[in-house]
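Visitor: Could you take me through one part of this model up close? I would enjoy a connected account that starts from a single residue and then widens out.

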Amino acid sequence: MLPITEYPSFLMEMKGYLESAFDNWRQVDNAMRYLTGLIVLPERKNVSQISRSFVEYKDQSSVNNFITDSTWSDSEFHDMAIQVVKDQIAKQKIKHGKLVIDDTLSEKSGKYIEGVGWFYDTSQNKDILAHNIISSHYIAGTFHVPLDFEIYVKKEDCKDKSKFKTKIEIAKELLKKAVSYGLPISVVIFDSWYAVEGLISLVKSLRIEAYVTEEKSDRIIFSDDSKSSMNLSEFEKTVPREKFKPVEIYTSLLGEKRTYFAFCTTVRMQHLDGVKVKLVISYDNKDLKGNPSFYISNVRLWESTKILQTYAFRWSIEGFHRDAKQSLGLGDYQMRKINGVKRHISMVFFAYILLQLGSGFDRLMGNLKANLRTIGSRCRMAGTEVLGSFVRFVLKMAHKDMDARRIMELLTQPLEKSGYWS
C-alpha cells in the first residue's frame, strides 16, 4: 500500500459528525486516520500499521494513546454513530425494521489480554482463545448497520464477579438500548442460544410485534391437552414426508435465492410456559436427508415462507462478521487493555456504517454502485480513490520542478523510522 496523502472523500463529508463527538481537532484527525486505515489498508489494520500508512507520519504512540488512553468520550462517539443511523432512517423514511442479536469470536493469541476466554469455535471444531463479541444490528431491506456490542466474559474469567453478565443479560441490554433510540423495530431475530423465556418476554413487554428464532431439537412441546409431550426431534419424525413443501428464500441482502423444504404447524413450547407458537421444520434438500432446522415465531398467522424469510436476515449478520474481519480488521487489534479493544471495535462498527450510509460514497461510486454492493468492493473503491490522491500529490510535486529523487525523499523520510519500507 502506498502512503496515504488524503482521506477518502466520503469520510471527509462525515467530518461534521466526528467533530461533534470529540474535544479537539487532534482527536478528530486521529479518528479519521484510524477510520481511513481500517477501510483502505489491505491487511494488518492495527495501530502500528495505520500509523505507518500516512505521508505525514505520526509516532505510533500518538495513535495508540488515542485508542487506549485518550480522554475522549466513548458514549459521545457512540451517540454520534447512532445519530448517523437515525438521520439515514429518517431520510429513507424507513417505517419497519428488524433487530438482529448475534455473536462472533475474535481469536487472540495472548492469554493476558483482558476479556479473553476459551470458547468453542464451530468453524474450527475446537476451543480457541478469543473475545466473544455479542452485537445488535438493524436491518431494513438493504439497509444494514451494526448498533451496539458487548464483550461476554465467562464468570470464571471475570475479575469482579459482581459485574458478571450472562449472554442473555447482555442480549436484553442490547435490545433495550435499540428500543431507546426510537428506531422503528417490528421484529427481533436471534438464534437458538438466545431462545429463552426471559428474552422473549422482554420482546413482548417492549411492545415489539414479532420475534423469530431458531430452536434446539431437544426442546419439549406439549399436546393441546397437555397430557403428552415430546421433543422437536421426536415430533419431526411423526410428520408425513409429503407434508414438507418447497419454499424459495432469499438468503442474503444481495438477492441470492435458495430452496428449502418445510412443514409448518402450531405447537406449545414447554420452556415458554406452554405458550402457542408457529413452528417451521426445514430441510435444505428435497430428499429430507440430514438434520432438520427448527424455527418458531409468536405470530401464528405467519407461514413457512414468512418465518424462514424473516430468519434469513440473521444469516446476513454472518456476512457482516466476515466483512468486518476480512475487510475492516475487526480482529487485527493488538491491545491488552479492554478499553482499547472496545474502542477498536467501535471504530470498526462506525467504518461499516460509513461504507453503508456515507452520503459521499454514492457520489464516489456513481454508475458503478450496482457493482459495489459488498463492503470489500467499497473498501477497494476507497483505496482506489486514496491511490488517486497520491498520484495527484506526486504530480503536484513534479510541477514544482522536483525531480524523482527529491519526491522520493519527501515521501520516505517521514516514514524511515517507522520501518514502513522494510
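Guide: Let's begin with Val40, which is buried: its relative accessible area is 7%, and the cut-off for that label is under 20%. Please keep in mind as we go that this is a predicted model. Val40 belongs to helix H3, which covers residues 25–40.

Helix H7 (residues 167–180) and helix H8 (residues 197–205) have axes that come within 10 Å of each other and cross at roughly 10 degrees. Angles under 35 degrees count as roughly parallel, so H7 is roughly parallel to H8. On the H7 side, the residues that meet H8 are Ala171, Lys172, Leu175 and Lys176; on the H8 side, Gly198, Leu199, Leu202 and Val203 meet H7. Sorted by class, this contact holds 5 nonpolar residues, 1 polar residue and 2 charged residues.

Now for the wider setting. The protein chain contains 14 helices and 12 strands. It has 422 residues, and 53% of them count as buried, a label that Val40 carries too. Taking contacts between residues at least 6 apart in sequence, 62% link residues at least 24 apart. As for the surface, the protein chain exposes about 20700 Å², with carbon and sulfur atoms supplying 48% of that area.

Note on methods:
Residues are numbered from 1 along each chain as its sequence is written. This is a predicted model: local features need pLDDT of at least 70, side-chain atom pairs count only at pLDDT 80 or more; totals for chains, interfaces and linings use all residues. Side-chain values use heavy atoms; hydrogens and water are left out. Helices (H or I, at least four residues) and strands (E, at least two) are DSSP runs, numbered from the N terminus. Buried means under 20% relative accessible area, exposed over 50%, partly exposed in between (1.4 Å probe, protein chains only). Axes are lines fitted to C-alpha atoms, for helices over the stretch in contact, and angles run from 0 to 180 degrees between N-to-C directions. Angles under 35 degrees count as roughly parallel, over 145 as roughly antiparallel, 65 to 115 as roughly perpendicular and the rest as oblique. Contact means heavy atoms within 4.5 Å. Ala, Val, Leu, Ile, Met, Phe, Trp, Tyr, Cys and Pro count as nonpolar, Asp, Glu, Lys and Arg as charged, and the others, Gly among them, as polar. Accessible areas come from the Shrake-Rupley method with a 1.4 Å probe; for residues, only the protein chains shown count as cover.
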